[in-house]
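Q: I would like to learn how to read the features of a model like this one. Can we take them one at a time?

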Amino acid sequence: MSPLLHMIRTRSALRPISRVGAALVAALALVVLPGCSKLHQVFSLSGPQSTMLSEGPVARAQWDLFMVTVWVTTFIFIIVGTVLAYAQIKFRAKSEADEHAEAAAEAGHGNPFVEIGLIAGSVALLVIIAIPTLKDIWYTYDVPQADVDSGNAMDITATGYQWWFKFEYNSETVKLPTGGEAQLTAANELVVPAGTAVRVHLRTIDVIHSFWIPKLAGKVDMMPNRANHLWFKADKPGYYYGQCAEYCGESHAIMKFRVIALSPADYSKWLENQKASARTATAQTLAAEAQVPHVSFASLKNPGRGDTFAGSPEFDANPFAAWHAQQKPEAGENAAQIAEGRKLFAAKSCVNCHTVRGHEGGGVTAPDLTHVGARSTIAAGVLENTPERLHQWLNNPEYFKPGNKMYHGVGAMKGYLDLDGNNQPIRGADGEYVRNIKLTDAEIDALVAYLHSLK
Ligand code: CUA
């Protein structure tokens, strides 16, 4: 036998090495753990997309089922581990002679009582998992009949686009300025009443996406040519993070959304405002409106891209309050600049893809912007909706969301823009970099003022 194999078989020679290894790991843990807030975040399990803090009945059912499985498998692990450890210790080779011993000529055939007992035990454990599993499959499939009967249910159609979400309120219509009616449409922020069961019809315009609100429900795929749905209910008013959970292209990981649950009274107010056409801010209306202090917020901290995505601490502390503040007109609105922005919105071909209902635009391939100024995030939940962020986004959407159609609408990319808008050619490419829409800083400022006036 080789010395190494002998060491592994008998273990004794490895003991000093494993002792040193354990000491090293322990020392490393002592040095690294306390100073590493990222690790703390991971182990505290309390992030905004933690499934362990369920805040609605569907997520709670899913969590409870998960825990049933954890307990059953922990039980199996302990039993099997104990038997294995016992066998390892009791039957280990105690001498050279033991190691080279021949196997017994006739192995035993076991004890029928033990074997049948193990089969029965395994079946029982599977049944313990199966019963709540089947119950939850039924429960999470659709809104409970009691909620439907009591009128405590609503329907939303969510459509996945590369890389954002469209939300249509199935039973809410809006009057179109051109005459006729359409469904109320929003993008990336789904506002619902708390305590109401929400059935979400899941659709996609292009590839397979997946709809997931970790604290409320999930996740179900949005598939071409397949009518999937899920439902959720938020226990109480709050601000919830959502995320596409199926790889769908370059910007999959930053295809996010938010669910904002409001009290019924707040929801009615919100709905009324959403149904109204876009707000027109003129010098007269601005003078008439009470000015409120501006609140900036944060959405995402992305260590991988330095500080680019980071925002203010206010949002992290209380995104729900930040969302509320965002509903009000901002201080220092400039009517002339807003009017200029509105002109540019039409002239710079934004209208081809976007709609500002009551103003200009009839595009349906990009997010509806009628009330974009009242959203807490832009770019599908990736950036806080502050003037600074919106400016950066319009200046160079590709930097924040690779492959997005606002940037790539026409032409082929032969390089990329850095955050300052400077052309950085891809090495080896010979042609000019081609961009869909070119805007000057002043034009972007005007567009930002206009879009932020749309409360
Ligand atoms: Cu959409 Cu991943």
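Q: Which strands does helix H11 lie across, and at what angle does H11 run to E10?
A: First, a caution: this is a predicted model. Helix H11, residues 319-326, lies across E4, E9 and strand E10. E10 covers 256-262, and H11 runs at about 85° to E10.

Q: What is the strand order of the open sheet?
A: The general idea comes first. Strands of a sheet pair through backbone hydrogen bonds, either parallel or antiparallel. Here the open sheet has 5 strands in the order E4-E10-E9-E6-E7. Its pairing is mixed.

Q: Which strands stand at the edges, and why is one side of each left without a neighbour?
A: The edges are strand E4 (189-193) and strand E7 (217-222). Each has a single partner strand, so one side of each has no neighbour in the sheet. From one strand to the next, the twist averages 20°.

Q: How many bridges join E6 to E7?
A: There are 5 bridges, and the two strands run antiparallel. A hairpin through 3 residues joins E6 to E7.

Q: How many bridges join strand E6 to strand E9?
A: Here 2 bridges join E6 (residues 209-213) to E9 (residues 238-244). These strands also run antiparallel. Phe211 has Cys244 in E9 as its bridge partner.

Q: Is Cys244 buried or exposed?
A: Buried means under 20% relative accessible area. Cys244 has 1% relative accessibility, so Cys244 counts as buried. Cys248 is buried as well, with a relative accessible area of 5%.

Q: How many disulfides does the structure hold?
A: The structure holds 0 disulfides.

Q: At what angle do helix H4 and helix H6 pack, and how far apart are their axes?
A: Two packed helices are described by the angle between their axes and the distance between the axes. For H4 (residues 57-90) and H6 (residues 112-141), the angle is about 170° and the axes are 10 Å apart. That makes H4 roughly antiparallel to H6.

Q: Which residues of H4 and H6 meet?
A: The H4 side includes Pro57, Val58, Leu65, Val72, Phe75 and Ile76. The H6 side includes Leu125, Ile128, Ile129, Asp136 and Tyr139. The residues of this contact divide into 13 nonpolar, 4 polar and 1 charged.

Methods. Residues numbered from 1 in each chain as written. Predicted model: local features only at pLDDT ≥ 70, side-chain atom pairs only at ≥ 80, totals over all residues. Heavy atoms only, no water. Pairing = 2+ DSSP bridges. Helix = DSSP H or I, 4+ residues; strand = E, 2+ residues; numbered from the N terminus. Axes fitted to C-alpha atoms, helices over the stretch in contact; angles between N-to-C directions. Contact = heavy atoms within 4.5 Å. Disulfide = S-S within 2.5 Å. Buried < 20%, exposed > 50% of the residue type's maximum accessible area, 1.4 Å probe, protein only. Parallel < 35°, antiparallel > 145°, perpendicular 65-115°, else oblique. Nonpolar A, V, L, I, M, F, W, Y, C, P; charged D, E, K, R; others polar.
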